[in-house]
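Thanks for coming, everyone. Have the structure up on your screens, and we will walk through it together.

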Amino acid sequence: MAVVVAAACGGGGVGGESSPTPDAESTLLARVPPGGSLPVIVLLAGQYTAEGELPDEQARQVQRKKISAAQTAVLDELAGSQVRNVHRFTYTPQLSLTVDADALRQLLRSSRVAAVHEDTARSQNG
């Protein structure tokens with residue numbers, strides 16, 4: 001998956017308030033066609049460890065549940081928004097989804113989100 005346009009959310013991460021830089025936010029929002037939508041990859045805020053570095057299967061299961069709960073919390077924030085093509089990643093703290101401009105603004109301002117990137121692979125494939 002190639003990522004060309006990115007919007008970094010400053011202050012994201014563990015317990016930090018997320019606030020995108022104005023340039024990053026406007027650049028990503030400008031990629032949404034009028035009345036249209038944009039496929040994005042969302043990196044969840046929080047502390048996560050690569051699965052291969054976790055000590056055992058129990059630790060992996062605990063982290064997977066933490067990732068799933070974080071994904072659900074972000075999606076709950078988007079309730080009522082124009083969101084489709086949602087894909088939850090099991091092993092990585094990410095979501096892939098297609099959003100309209102309002103939902104993108106919500107993601108960019110969410111304290112549960114560390115970063116939002118355009119999913120250029122999906123953008124190029126329709």
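Start with Glu-118. Its relative accessibility is 2%, so Glu-118 counts as buried. Buried means under 20% relative accessible area, exposed means over 50%, and partly exposed is in between, with a 1.4 Å probe and protein chains only. A word on the source: this is a predicted model, where local features need pLDDT of at least 70, side-chain atom pairs count only at pLDDT 80 or more, and totals for chains, interfaces and linings use all residues. Residues are numbered from 1 along each chain as its sequence is written, and side-chain values use heavy atoms, with hydrogens and water left out.

Which residue forms a salt bridge with Glu-118? Arg-31 does, with the closest N and O atoms 2.9 Å apart. Arg-31 lies in the loop between helix H1 (22-30) and E3, and Glu-118 lies in strand E6, so the pair ties together parts that are 87 residues apart in sequence. Helices (H or I, at least four residues) and strands (E, at least two) are DSSP runs, numbered from the N terminus. Arg-31 is partly exposed, at 43% relative accessible area.

For a salt bridge, a side-chain nitrogen of Lys or Arg must be within 4 Å of a carboxyl oxygen of Asp or Glu. How many salt bridges does this rule give? The count is six.

Next one. Glu-51 and Arg-64 meet through their side chains in a salt bridge, 2.7 Å from N to O. Glu-51 is in the loop between E3 and helix H2 (57-77), while Arg-64 is in helix H2, 13 residues apart. Both Glu-51 and Arg-64 are buried.

Then take Arg-112 and Glu-77. Their salt bridge brings the closest N and O atoms to 2.9 Å apart. Arg-112 sits in the loop between H3 and E6, Glu-77 in helix H2, 35 residues apart. Both ends are partly exposed: Arg-112 at 40% relative accessibility, Glu-77 at 30%.

Now the strands. Strand E6 (residues 113-118) is mostly covered, with five of its six residues buried. Strand E5 (residues 94-99) is mostly covered too, with five of six buried. What joins E3 to these strands? Strand E3 (residues 38-44) runs antiparallel to E5, joined by six bridges. E3 and E6 are also antiparallel, over five bridges. Two strands pair if DSSP finds at least two bridges between them. Look at Val-42. Its bridge partner in E5 is Leu-95, and in E6 it is Val-116.

E5 also pairs with E4, antiparallel, over four bridges. There, His-87 has Ser-96 as its bridge partner in E5. Five residues make the hairpin between E4 and E5. One thing to check in strand E4 (residues 83-88) is Asn-85. Asn-85 is not a glycine, yet its phi is positive, about 55°. Asn-85 is partly exposed, at 45% relative accessibility.

Last, helix H3 (residues 101-109). Which of its residues are buried? Ala-103, Leu-104, Leu-107 and Leu-108. They cover an arc of only 140° around the axis, which puts them on the same side of H3. That arc is taken from the directions from the helix axis to the C-beta atoms. Over to you for questions.
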